[in-house]
Amino acid sequence: LPEPTRRIDADVHCAPPPLEALHPYLTAHWNDYLTANGFSLPSAVVQTYPPRSAVMANAPAVTLDSIRAKVLDRAQYAILNCHYGAEGVRHPYMAAALSTAANNWLKAEWLDKEERLFGSIVVVPHDTELAVQEIKRVGGDRRFVQVYLPVRSWEPYGNRRYWPIYEAAIDHDLALGIHYGGLTGTPATPVGGLDNYFEEYTASTQLFASQVLSLIAEGVFDKYPSLRVCLIESGVTWLPTWLWKLDTEWKATRREIPWVRTLPSEYVRKHFRMTAQPLDAPEQEQDLREVLGHIGSDSMLMYASDFPHQHASDPEQLLKVLSPAQQEQFLFSNANEFYGLRERSKSATPA
Amino acid sequence: MPKYVIGPVNETPPGAKRDVRVGGLSIAVFNVDGAFYALNNRCPHQGAPLFKGTLCGRIDSTGPGEYEYDPQKTLVRCVWHGWEFDLATGKSWFDPERKRIKPYPVSVESGETIAEHDPATGSARIPGPYVAETFPVSVEDDYLVVEVAK
């Protein structure tokens with residue numbers, strides 16, 4: 001097989017739009033109210049990506065030109081994620097107005113201008129009805145491929161309060177994109193708050209693990225068998241031990257959740273995908289090979305740069321341990337099939 | 001296939017769970033409301049004694065929040081890690097073809113039947129041979145008999 005040349009970059013970020021950028025997309029009421037109150041951005045944005053942290057300090061400015069030069073120079077398509085932080089805006093109507101404005105801004109400033117970009121829908125995850133309303137409003141635009149949910153949530157995502165969001169996502173052929181970060185009324189971890197960014201970023205692994213557990217155990221995939229979930233910026237190598245735990249405990253206690261009728265690891269391989277930046281790879285290639293073997297699927301991992309964020313980890317490390325066929329899946333086919341990108345790029349019609 | 005006499009049937013009353021050694025094997029014997037079951041006594045997971053397991057009904061579901069429960073006790077849950085096995089077939093709930101326990105036919109037969117049987121000559125009327133390893137059989141009682149493939 002030839003060296004694979006096609007790529008889809010499954011996690012690229014635009015900087016969240018400050019209020020000035022959203023003015024054209026907000027009503028007069030919200031423009032005046034937010035200006036009068038000195039609002040610029042939801043505080044979740046700074047919490048998730050502190051401007052001078054290692055992940056951000058040397059990050060290039062994100063513009064269409066920098067994305068074209070540094071992302072689309074190697075990728076045919078990219079998924080553009082706007083980590084806006086609407087979950088941290090407690091005022092439901094303000095949060096909804098901002099998410100609507102952010103999505104209109106995404107369309108006008110990014111998707112309309114660059115057809116190789118696809119977007120994730122910003123929603124208000126803590127108000128299901130408003131989230132569903134927004135999904136229905138923009139979900140018909142085929143350039144949106146998923147609903148963006150921060151991994152830090154108000155309740156674990158298996159909770160029934162979220163189910164209408166999942167139903168709306170399926171109705172519009174959208175995946176869920178659960179992304180690192182978020183700011184809610186709960187501590188950063190179940191054992192309490194954390195003191196520094198190193199802890200905040202590292203501890204997110206347990207949040208992803210908790211969301212995987214909750215979605216499976218609460219029966220979300222039994223209720224919605226076609227639901228697809230991408231874990232974005234979740235890290236990768238933690239997954240196998242969690243699968244072992246899930247399967248072991250399920251055999252012992254599955255009577256509590258009789259709707260889960262097969263091994264939880266089978267649900268994970270069927271319904272979940274992961275972006276591979278960060279990868280959190282061990283030092284030895286052989287160890288990475290073993291981890292991939294334990295994940296047990298060539299379809300789960302998707303290439304991502306997480307542009308413009310800077311990581312100690314490198315998704316290209318993965319290429320060294322993959323066969324040419326696996327490389328092709330990782331770089332292109334897995335994301336193309338998961339999001340149906342090529343089919344979307346034909347049918348996408350800029351509004 | 002030799003048949004081993006476990007003992008008088010009234011030693012294994014309804015609700016009883018016990019282990020017996022016959023033919024060099026450890027066998028778990030259960031009486032569920034008068035129905036007898038015998039399985040190899042070793043859980044295929046980590047070797048726990050199966051006879052100590054909990055008898056329970058079957059639970060299934062058609063979706064979240066739906067509990068289809070059959071209270072008839074047709075499963076034994078291993079006492080160590082909760083794996084469920086069908087009492088009649090020995091098959092596990094979660095992986096019936098690969099994780100399973102050998103079941104043994106168990107029956108109640110009259111002392112008369114057992115005592116009259118002559119292993120030396122055999123008999124068309126009576127399957128056997130019976131092996132009463134540790135006690136004499138009296139014709140007045142009924143006995144629990146397990147059939148063990150060698």
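**Chain B and its contact with chain A**

Three salt bridges cross the interface of chain B and chain A. One of them pairs Arg261(A) with Asp60(B). Their closest N and O atoms are 2.6 Å apart. Keep in mind that this is a predicted model.

Let me stay with that interface. There are also six residue pairs in polar contact between chain B and chain A, with both residues at pLDDT 80 or more. Which strands of chain B each supply at least two residues of the side that touches chain A? They are strand 5, residues 54-60, and strand 6, residues 68-77. Strand 5 gives the largest share of that side, four residues. Sort the residues on that side of chain B by type. You get nine nonpolar, six polar and four charged.

Now for size. The size of an interface is often given as the accessible area lost when the parts come together. Here, the area buried between chain B and chain A is about 1,400 Å². Carbon and sulfur atoms give 59% of it. As for residue counts, chain B brings 19 residues to the contact, and chain A brings 15.

Next, chain B as a whole. How many helices and strands are there in chain B? One helix and 11 strands. Follow the sequence and the pattern reads β-β-β-β-β-β-β-β-β-α-β-β. So much for the order; now the packing. Chain B has 150 residues, and 42% of them count as buried. Take the contacts in chain B between residues at least 6 apart in sequence. Of these, 52% join residues at least 24 apart. The accessible surface of chain B is about 7,700 Å², and 49% of that belongs to carbon and sulfur atoms.

Last stop, one helix of chain A. Helix 7 covers residues 163-171. Which of its residues are buried? Trp163(A), Ile165(A), Tyr166(A), Ala168(A) and Ala169(A).

Definitions and conventions
Residues numbered from 1 in each chain as written. Chains lettered and ligands numbered in written order. Predicted model: local features only at pLDDT ≥ 70, side-chain atom pairs only at ≥ 80, totals over all residues. Heavy atoms only, no water. Buried < 20%, exposed > 50% of the residue type's maximum accessible area, 1.4 Å probe, protein only. Contact = heavy atoms within 4.5 Å. Areas by Shrake-Rupley, 256 points an atom, 1.4 Å probe, with all protein chains shown as cover. Buried area = accessible area lost by both parts, 1.4 Å probe. Salt bridge = Lys/Arg side-chain N within 4 Å of Asp/Glu carboxyl O. Polar contact = N/O pair within 3.5 Å; in protein donor to acceptor, adjacent residues only side chain to side chain. Nonpolar A, V, L, I, M, F, W, Y, C, P; charged D, E, K, R; others polar.
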